[in-house]
Amino acid sequence: MLNGKNILIGITGGIAAYKICELIRMYKRNGANVRVVCTPNALNFVTKLTLQNLSQNEVGVDEFDIAQFKPEHISYADEADIMLIAPATANTIGKIANGICDNLLTSVACAFSKPIIIAPAMNCGMWNNNFVEENISKLQAKGIYILEPEEGFLACGYEGKGRLCDLNKIYEKTVEILSLQKNLSGKKIVITAGGTIEEIDSVRYISNYSSGKMGIALADTAYEQGADVILITSVDTQKPYGVIKIKSAEDLKNAVENEYDSADCIIMAAAVADYRAKNIADHKLKKDETSDSFTLELVKNPDILQELCKKRDKVLCGQNLSDRKNNKPLIVGFCAESENLIENAKSKIEKKGCDYLIANDISRKDIGFSSDYNEVTILDKTGSAKKLERAAKTKIARQIFREIYG
Ligand code: PMT
């Protein structure tokens with residue numbers, strides 16, 4: 001099941017470290033190539049020789065023990081398809097959540113851009129500590145998978161939540177994530193993100209509170225799952241896939257249209273302004289001392305999503321039935337509503353003509369605009385609706401792809 005997969009295991013200094021020996025065997029038995037990095041404290045619980053024998057690979061501990069040209073933390077991060085940190089102590093969790101890189105394991109985790117699973121194990125008091133809770137939430141918000149510890153008798157003598165979760169659970173999660181990874185390979189996915197910026201004069205503009213987080217989470221997920229990704233966004237961001245920087249709705253329209261022919265799927269998560277200033281002054285507009293009011297004339301922006309759907313449907317109409325099997329591109333819109341979410345979303349999907357419409361309630365502060373979290377309902381053309389409960393945007397993004405691509 002894991003043939004050809006490269007799994008990197010990070011072991012930290014907790015008593016459950018000995019259990020990872022069995023996990024290495026489970027991965028190896030199923031065809032994976034396993035590499036191990038340890039914190040120096042992990043070696044108080046399990047020996048390097050044991051891990052080396054089981055993984056049949058060199059075990060990394062010292063960041064500056066550089067065998068090749070590439071720094072060790074980069075080569076470990078480049079080579080692996082997934083990283084598992086188990087058992088993860090409160091100390092290592094805190095460091096990773098705060099970007100601290102003071103040993104090989106934490107440096108690799110910081111450089112790692114593919115999926116990470118963390119399986120914590122610690123004393124129950126430590127697990128319930130507020131700082132640990134906050135660090136766990138931070139990691140979840142960044143899309144790191146957390147496999148929570150289990151209740152039971154702990155090595156420290158306490159009874160409570162803190163035992164490393166069952167090894168089968170870790171194994172199954174690894175297989176599940178890796179099987180998702182190449183789901184989108186061979187597909188070109190174009191995603192828009194962030195609010196558009198409509199200039200008024202040389203120093204002022206109209207925009208909205210969209211941070212781009214939802215669209216970027218979708219783009220990261222699509223990339224993680226093997227797609228060829230183009231992100232069209234007003235947000236400054238550096239990614240290992242194509243990013244096209246835009247400002248206005250018109251820029252966004254041009255950029256999407258340029259990608260249209262080669263796209264398998266277009267996802268419009270950007271918050272596009274419905275109106276723009278009729279005239280953009282090339283200088284700073286002066287305050288009118290003779291009047292208490294100021295009138296700015298706005299004109300409608302094109303409805304890009306609706307136009308894309310019309311264009312696609314027109315092409316499909318002109319094709320005979322056998323060609324129509326390839327219903328390309330799949331077009332997915334978002335729907336930002338502050339009232340009557342589902343009712344308005346239903347009429348919006350009909351009006352715009354997209355294949356899926358993802359509705360979110362932007363009146364809530366704990367989801368939607370700028371939040372790390374979202375709660376959405378996915379509507380399809382047939383009128384069916386599926387709610388995805390509140391979760392980190394990265395998790396919602398994975399669920400969205402599961403819904404639309406199976
Ligand atoms: O960026 P975040 O802070 O993470 O917030 C995410 C989000 C709330 C912005 C996102 O989840 C979202 O809802 N995006 C769509 C916002 C929006 O413009 O919704 P709308 O209901 O006004 O538009 C419906 C759809 O038409 C959208 O897909 C939009 O991209 C598209 N549209 C809108 C206007 C326009 N002139 N052209 C368009 O293509």
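Arg-398 counts as buried at 9% relative accessibility (buried is under 20% relative accessible area, exposed over 50%, partly exposed in between, with a 1.4 Å probe and protein chains only). The model is predicted: local features need pLDDT of at least 70, side-chain atom pairs count only at pLDDT 80 or more, and totals for chains, interfaces and linings use all residues. Residues are numbered from 1 along each chain as its sequence is written, and side-chain values use heavy atoms, leaving out hydrogens and water.

**View 1. Salt bridge between Glu-224 and Arg-398.** Their side chains meet at 3.6 Å, N to O (a salt bridge is a side-chain nitrogen of Lys or Arg within 4 Å of a carboxyl oxygen of Asp or Glu). Glu-224 belongs to helix α9 (residues 213-224) and Arg-398 to helix α13, 174 residues apart. Helices are DSSP runs of H or I with at least four residues, strands are runs of E with at least two, and both are numbered from the N terminus. Glu-224 is also buried, at 19%.

**View 2. Helix α13, residues 393-405.** Its buried residues include Ile-396, Ile-400, Phe-401 and Ile-404. Just after α13, Gly-406 has a positive phi of about 75 degrees.

**View 3. Salt bridge between Arg-390 and Asp-366.** The N to O distance is 3.4 Å. Arg-390 lies in strand β20 (residues 385-392) and Asp-366 in the loop between β18 (356-361) and β19 (373-380), so the pair ties together parts 24 residues apart in sequence. Arg-390 is partly exposed at 39% relative accessibility, and Asp-366 is partly exposed at 31%.

How values were computed:
The expected span of a helix is 1.5 Å times one less than its number of residues.
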